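Trainee: I would like a close look at a single part of this fold, taken slowly and with its surroundings included. Could you walk me through the sheet and whatever packs against it?

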Amino acid sequence: MLFYGTVRELSDFLAGRGTNLHLDEAALLLARIEFPGLEIDPFLQILDSYAAELAARLREWSDFVPMSNQYLFKELGFSGNEADYYNPANSCLNDVLASKTGIPITLSVVYLEIARRLSRPVFGIGLPGHFVVQYDDGLYSTYIDPFHRGALLDAAQCHDLAKTDGNPAALARVNTRQIVARMINNLRGIYFSRGAHRKTLQILDLLIEADPDSAEEYKQRGITYVQVEQTRAAKADFERYLELAPDAPDRPQVEKQLTALKRWLVGMN
């Protein structure tokens, strides 16, 4: 029941239904897939304490970036987890706050949520393959790479980091829903590659709840249902996929899979 509430709350948020969520709240709800029963409030309080400590140190508006980097990366020791990058815990804000290591996007969430508490102009930048943040108060602007201990970057260095060939769209600011969606997709990829089928199903349930007309998610869930031998559910999802994407290029392969599933089900009767 706890996870169902998580799916409902997150899916409503992603779809723009119901109550809005702050980024930290949404990230911690997502972390319940990896950490069932996770209590959210203690981790919100950690972020509150970091923001309060940082606020006490700030004297000038221009102090925010250097003081944040000093506090978060030099004193607290937040850094990228290069040794175990694809550990699903790196995508979970609670574990990142506990271990002070993570991947670019979750470390960026820490930076963004402290900035939000202090009303500072920090924005998420969804570079391909490497998330960073931008501070921009109209007078001073810089990109910050939390994965590399707060390294300051200009636009050209961001393009080099992400190998974007200078495409300005790569530096577009992303909103909270886009950030959460990217975190969800990161976890989906990790769970799928590890064969963590039950958790993959929870991710796909969440995405389908948010967008019931997303054909690709039904196909992926059908594939995952096959892996856990839920044949009837797999059949239903493959059929729904073909309804939503009648001209899909892989239609012959999916129809072949459906035929096999139907034969198996007939044999069970």
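In what sense do β5 and strand β6 (residues 151-153) pair, and over how many bridges?

Mentor: This is a predicted model, and within it β5 and β6 pair in the antiparallel sense over three bridges. Two residue pairs let you follow that pairing by eye: I144 has L152 of β6 as its bridge partner, and Y143 has L153 of β6 as its bridge partner. Between the two strands the hairpin has five residues, and in this hairpin R149 takes a positive phi near 55°.

On its other pairing, β5 meets strand β4 (residues 132-136), again in the antiparallel sense, here over four bridges. A pair to look for is D136 with S141, the latter being the bridge partner in β5. The hairpin that links β4 and β5 has four residues between the strands, and G138 takes a positive phi near 95° there. Strand β5 itself covers residues 141-145 and is mostly covered, with four of its five residues buried.

Stepping back to the whole sheet, five strands form an open arrangement in the order β6-β5-β4-β3-β7, and the pairing is antiparallel. The edges are taken by β6 and β7 (173-174), each of which has a single partner strand, so one side of each is left without a neighbour in the sheet. As a general point for reading such a sheet, strands pair through backbone hydrogen bonds, either parallel or antiparallel.

Two helices deserve attention next. Helix α4 (residues 64-75) lies across β3 (122-125), β4, β5 and β6, and runs at about 10° to β5. Helix α6, for its part, lies across β3, β4 and β5, running at about 155° to β3. Helix α6 spans residues 104-117, which makes 14 residues, and from its first C-alpha to its last it reaches 20 Å, close to the 20 Å expected at 1.5 Å a residue. Like β5, helix α6 is mostly covered, for twelve of the 14 residues in α6 are buried. Among those buried residues are I105, L107, V109, V110, Y111, L112 and I114, and the buried set also includes T106, S108 and E113. Just after α6, S119 takes a positive phi of about 55°.

With a relative accessible area of 24%, H197 is partly exposed, because the cut-off for buried is under 20%. H197 and I223 are 26 residues apart in sequence, while their C-alpha atoms are 9.8 Å apart in space.

Methods: Residues numbered from 1 in each chain as written. Predicted model: local features only at pLDDT ≥ 70, side-chain atom pairs only at ≥ 80, totals over all residues. Heavy atoms only, no water. Expected span 1.5 Å × (residues − 1). Buried < 20%, exposed > 50% of the residue type's maximum accessible area, 1.4 Å probe, protein only. Pairing = 2+ DSSP bridges. Contact = heavy atoms within 4.5 Å. Axes fitted to C-alpha atoms, helices over the stretch in contact; angles between N-to-C directions.
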